[in-house]
Amino acid sequence: MGATIAHTDGHAHTAHHHHEESFVSKYIFSHDHKMISKQFLITAIVMAWVAVIMSLIFRLQLAWPGEGFAFTNFFLGDKWAPGGVLDPNMYLALVTIHGTIMVFFVLTGGLSGTFANLLIPLQVGARDMASGFLNMLSYWFFFLSSIIMLASLFVEGGPASAGWTIYPPLSALPQAIPGSGAGMTLWLVSMTLFIASSLIGGLNYVATILNLRTKGMKMTRLPLTIWALFITAVLGILSFPVLLSAALLLLMDRSMGTSFYLSDIHIAGEALEQTGGSPVLFQHLFWFLGHPEVYIVLLPALGITSEIIATNARKAIFGYRAMIGSILAIGFLSFIVWGHHMFVTGMNPFLGSVFVFTTLLIAIPSAVKVFNYITTLWRGNIIFTPAMLFSIGLVATFIAGGLTGIILADSALDINVHDTYFVVAHFHIVMGMSAIFGMFAGIYHWFPKMYGKMMNTKLGYAHFWITFVCAFGVFFPMHFIGLAGAPRRYYSYSEFPMFNGVVDLNVLVTVFAIIGALAQVIFTYNFFYSMSRGPKAVQNPWKSNTLEWTTPVEHIHGNWPGPLPVVHRWPYDYSKPGKAEDWVSQITPLEHDEEEH
Amino acid sequence: MTKLLILIVVVLGILAIAQLARVYELTARLRGKREEDISAADNRMNAMLMWLFPVVYFGFFIWLVVAYGDKMLPLAASEHGAETDWLLNFNWVILLIAFVLTNVLLFYFAGKYVFSKDRRAAWYPHNNKLELIWTVIPAGVLAVIVIYGLNTWNNITGPASPNAVLVELYAKQFDWTARYPGQDGVMGASDFRLINGTNPLGIVTPESVKERLAEMEAEIAEMDSVLAHSVMPDEKAAELRDLLERSRRQQARVVNLRTVMEQDIKEKGEASIYLHGADDIVTKEFHLPVHKEVKMLIRSRDIIHSVYIPHLRAQMNAVPGMTTTIKMVPTITTDSMRTAVVMDDTFDFVVLCNKICGASHYNMQMPLTVTTADEYTAWMAEQMKKPFQASAAPAEVPANTVPADSTAAVPANAQAAVKTN
């Protein structure tokens, strides 16, 4: 029904072709990219809450080990939290599923799914995605995979508990940990569907960006959001299949007796028959996805930030081409750095040196991006919308987390901080916080485009400042806990007197985590309240140059009522000398003898 | 009860904020202000907060350094550790400069260039010279970091000298075992199929192979007789038949191992690796001499673990199916640490497991005693007097008992391990 949009045709589809749609085709099995984007976003918000509650449960345990909490018991029941005391196996399960949901379902599916779907057709000037049907499939695979992941929480033995990186043999042997039974099988099935969703989506994004740009939208006139989403999609297409193969081999090791990853194992009183495999092989395959994945999570957030900083500083983004260049460089380098996760696995030390070199190279384009953001702010005319605040927050977390990455990339230094809280602090700040700040920024900025309503600014301010302070309150002390030698994924530190000096930091961290989580209640309230009761949005509330703000506030199929807009300039003509306004839409023709930029 | 009260207060607080925001929204609407128009007062407030934030941020950082700086790891107790600590401090200096510089610029600009109707943002879309500067400078700094870093890395990971003290660390859920090569200085061969109650590391000697084969024979006979005589549900019987099949195949492999061993002994005589295991010392006590190079061989019985000795700045994964190695030179004895470094009579170096490995991962530890060379020699002589492997008689489920339900057996096992801790 809804599949009848003429995508490639510049003029055929106009508003008066609009036909009535049934509830199901409009809201559920929708082919419209704007609706699919909302579906991704709301699924991601639900999943994020699940992961946040999990983190609160294990933060309570870490701050007050062995104490009973009604909160814990309420969510986990007597089997996994007798008397409110978290079970050690469930602790590992929560850590695992928290990571899995946050990395894949919130920051990959949620972030790319929402903003690639919303922005790609709107910002390149297309009626819809290249294939609306595949786009719908992409969401429903994602949905199904979310349901399966949540279902895995309820199976006997609990959900997967081998860490989000599911290293075998731990993840292959139910004898080693109860979560490696049915829970792990569901994890693998869920991820397989997730990868399918991500590949279908990614191919669609790439096809749309390459083929459906409107007239005049040269690659060098694309907003940086689109560049970032483009490279993100390419990274996903090239790396997710490798994870898929790793997962399939693991499934075979688990249920068919193959030995890709298993060798010489004696467990539960029995010598296993598998020989000749290597657990390290899995790590290579996993991190071949796993590291690009970091940038799959990060690049869209950086793209969103570029757009929002330029718009709200009322100033052209500094070094547009350098920004594109750094996205390309980061994208390329992200494929040849995976070994820095494996310095202490017994990998050949010389190979380690190569990975040190390539990893530190990636710091250069990252530094360029930071300096360019700062220069964009310099002598700008900054309007502090909540989106702008989150974008500036992103730059701050990107700096703090990026710098500690230099320590971790240096193999000799990694030896002693590998798998400690230092790593937890590093990646939560640089990837978790930066990406989620980018996502928040995007939500506040494009909410008027998604729902035709405005979110409440004051609540946005409260949300940002509390979240910003708590982000550092939670993750900054973790550097110190890590430098004291405290390993990650420990249920409790009370067995080691050497950590007595720093364990009280865990209380501080947990208090900040609770306050930070409460701030997300403000956001959730603001989001859902504004969706129905917020003030009506105008067409271009932020006085932005990009094409999405030339579409009507009310969503229509095909996005533009008349013919597709024609693009005449890059998207960053803010405060251009000789112009009356401090912005110039991309559809405004260049004046006679006006230089493009 | 107090917790409930806290919860109520928090919920009410959030509702209050929401209502406050709603009131603002309504009054703003009355005044005809649109939600997207950020008022000058709001801009100023956020600009001020942008300046306030780094003060709080750096203040928090400084407080953490002052309050917790001395709770970090004490000075490195190994030669390479001293080197990496120096390297780490060197990196910190560079990173701190970059950290302060970029944050100050970011927040200063964010606060300073707040919106004003009377001003226009500068038109400054690019400057290739600037881009070049902040490409080349980070590249130069990183080059220094890479060169120093790799230089240290090569020193750490180079081959150990042939007369290094040899020790094997053996990991399993959830404990460590140490093995020393004994009188002959050669670590004997090992095979995971030989693991049983008296041979926890599966060391291969003609005696241990013989003993294991006899044990397997008995187990198989037992299973045969159970299958023949007991009444049990079909499922259980099928499971047992499976186990029996597997045991027969493993038995064949051990028989094969025996052939290989006998061949090797015939060819090499005394030099055969299979004749070097009998004097190996298997122990739960882990001792190292100070100022001697140590080469650690690291193995795992079941899943991946990781040897992590924070005070010696050493870490290496224990991977089933392969042997990983690290080398180090301890420089401070346990006694000196107690009396001169941490001033704590109960201090011990400790080996932690640093790769997620199950329920008791958080308590998989073994103390390490670093002693003077003389003390070490005396300790070693004492160990050699003990009978073969007796010191390591492990309190564990006897190997190859037939578990009624092999999946249920382990969690129970793991639980027990948690409780004993």
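Predicted model: local features only at pLDDT ≥ 70, side-chain atom pairs only at ≥ 80, totals over all residues.
Reader: In what sense do E2 and E3 of chain B pair?
Author: Strand E2 (residues 175-180) of chain B pairs with E3(B) in the antiparallel sense, over three bridges. Within this part of the sheet, B:Arg179 stands opposite B:Val282 in E3(B).

Reader: What about the other sheet, the one with E4 and E7 of chain B at its edges?
Author: That open sheet has five strands as well, in the order E4-E10-E9-E6-E7 (chain B), again with mixed pairing. Strand E4 (286-289) and strand E7 (314-318) of chain B each pair on one side only. Ignoring direction, neighbouring strands of this sheet are turned by 25 degrees against each other on average.

Reader: In which sense does E4 pair with E10 in chain B?
Author: E4(B) and strand E10 (residues 365-371) of chain B are paired in the parallel sense, over four bridges. B:Phe286 has B:Leu368 in E10(B) as its bridge partner.

Reader: Which helix packs on that sheet?
Author: Helix H8 (residues 373-385) of chain B does, touching E4 and E10 of chain B. The direction of H8 makes about 140 degrees with that of E4(B).

Reader: Changing topic: how many residues of chain A are in contact with chain B?
Author: There are 119 residues of chain A in contact with 112 residues of chain B. On the chain A side, helix H15 (residues 457-483) gives the most, with ten residues. The chain A residues that touch chain B comprise 79 nonpolar, 27 polar and 13 charged.

Reader: How do H15 and H16 of chain A cross?
Author: The axes of H15(A) and helix H16 (residues 503-533) of chain A come within 8 Å and cross at roughly 155 degrees. Angles over 145 degrees count as roughly antiparallel, which makes H15(A) roughly antiparallel to H16(A). The crossing of H15(A) and H16(A) is left-handed. Their contact is made up of 19 nonpolar, six polar and no charged residues.

Reader: Finally, which domains are assigned in chain B?
Author: The assignment gives domain 1 (39-116), domain 2 (164-187 + 279-396) and domain 3 (189-275). The C-alpha centres of domain 1 and domain 3 of chain B are 60 Å apart.

Methods
Residues numbered from 1 in each chain as written. Chains lettered and ligands numbered in written order. Pairing = 2+ DSSP bridges. Helix = DSSP H or I, 4+ residues; strand = E, 2+ residues; numbered from the N terminus. Contact = placed C-beta atoms within 7 Å. Nonpolar A, V, L, I, M, F, W, Y, C, P; charged D, E, K, R; others polar. Axes fitted to C-alpha atoms, helices over the stretch in contact; angles between N-to-C directions. Parallel < 35°, antiparallel > 145°, perpendicular 65-115°, else oblique. Left-handed = near helix turned anticlockwise from the far one by under 90°. Domains from an automatic or database assignment.
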